[in-house]
Amino acid sequence: MLGLNGWFSTNILGNRDGEVLDDPGSFKTKEESKLSVLEHILQPELYPELYGDMYHKVRINYYPPRGDNKEGWDNIDIFGWLGYPCRSKSISCAVIRFWLRRLSRSRAADGFGQAVFRSAQSGIQEWLSFYFKSPMTVPGSIRKHDLFIQLMKLKNTLRHLKARN
């Protein structure tokens, strides 16, 4: 039950995504979708003392020389035991994208952070949802943002694949 004071996210995009998100209207939609995912995961209405005053800021910078390579950082300010502050920093990693492509056996079609991994054999691969903020789901199913459920799906699918080989 760590509390969240703030989350600052910045991205450098040089492709069409960056160019489109340079438009204030398009950026506003992206900013709202990122916040809605956090609110869905954290449930501030159930835990106002932990997440009710959370500050969230998103920056997306269009930088043409970056091309199709995305660069991103997240700075997260949390509080925990006896209210002591802590910080977490993360950097987007190309290694994760490499393994996602290997696991999905297909190319990623990316629409503003919506991960689209398709395979001719199995369609949308929900078992990879652990790696995405806003994963796609099979039509009619509910998107799961619970990391424990996502991790369980990932592990169970890997076990199944290992047993088949």
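Which residues make the nonpolar surface patch of about 460 Å²?

Reply: This is a predicted model, so read every value as computed from it. The patch is made by Trp81, Leu82 and Tyr84. Trp81 is found in the loop between strand S3 (71–79) and strand S4 (85–91). Its relative accessible area is 68%; exposed means over 50%, so Trp81 counts as exposed.

Arg87 and Asp77 form a salt bridge, with their closest N and O atoms 2.9 Å apart. This pair links distant parts of the chain: Arg87 belongs to strand S4 and Asp77 to strand S3, 10 residues apart. Arg87 is exposed, at 60% relative accessible area. Asp77 is partly exposed, at 26%.

Salt bridges that share partners also join Lys28, Glu31 and Glu32 into one network. Within it, Glu31 pairs with Lys28, the closest N and O atoms being 3.9 Å apart. The cut-off is 4 Å, so this pair is counted as a salt bridge. Both residues lie in helix H2, 3 residues apart, or about one turn of the helix. Lys28 is partly exposed, with a relative accessible area of 43%.

Glu19 and Arg16 both lie in H1, 3 residues apart, about one turn of the helix. Their side chains meet in a salt bridge at 3.8 Å, N to O. Arg16 is exposed, at 56% relative accessible area, while Glu19 is partly exposed, at 40%. The salt-bridge count for the model comes to 6.

Now the helix that holds Lys28 and Glu31. H2 covers residues 24–42, which makes 19 residues. At 1.5 Å a residue it should span 27 Å, and its end C-alpha atoms are 27 Å apart, so the two agree. Its buried residues are Phe27, Lys30, Lys34, Val37, Leu38 and Leu42. They cover an arc of only 125° around the axis, and therefore sit on the same side of H2. Two lysines, Lys30 and Lys34, are in that buried set.

What do these buried residues pack against? Their partners are strand S1 (3–13), helix H1 (16–21), helix H3 (48–51) and strand S2 (55–62). H1, one of those partners, is also the helix with the Glu19 and Arg16 pair. After H2 comes Gln43, whose phi is positive, near 55°.

Key:
Residues are numbered from 1 along each chain as its sequence is written. This is a predicted model: local features need pLDDT of at least 70, side-chain atom pairs count only at pLDDT 80 or more; totals for chains, interfaces and linings use all residues. Side-chain values use heavy atoms; hydrogens and water are left out. Helices (H or I, at least four residues) and strands (E, at least two) are DSSP runs, numbered from the N terminus. The expected span of a helix is 1.5 Å times one less than its number of residues. Buried means under 20% relative accessible area, exposed over 50%, partly exposed in between (1.4 Å probe, protein chains only). The arc is that of the directions from the helix axis to the C-beta atoms. Contact means heavy atoms within 4.5 Å. Patches are made of residues with over 30% relative accessible area and no salt bridge: like charges are joined within 9 Å, nonpolar side chains (Val, Leu, Ile, Met, Phe, Trp, Tyr) within 5 Å. Accessible areas come from the Shrake-Rupley method with a 1.4 Å probe; for residues, only the protein chains shown count as cover.
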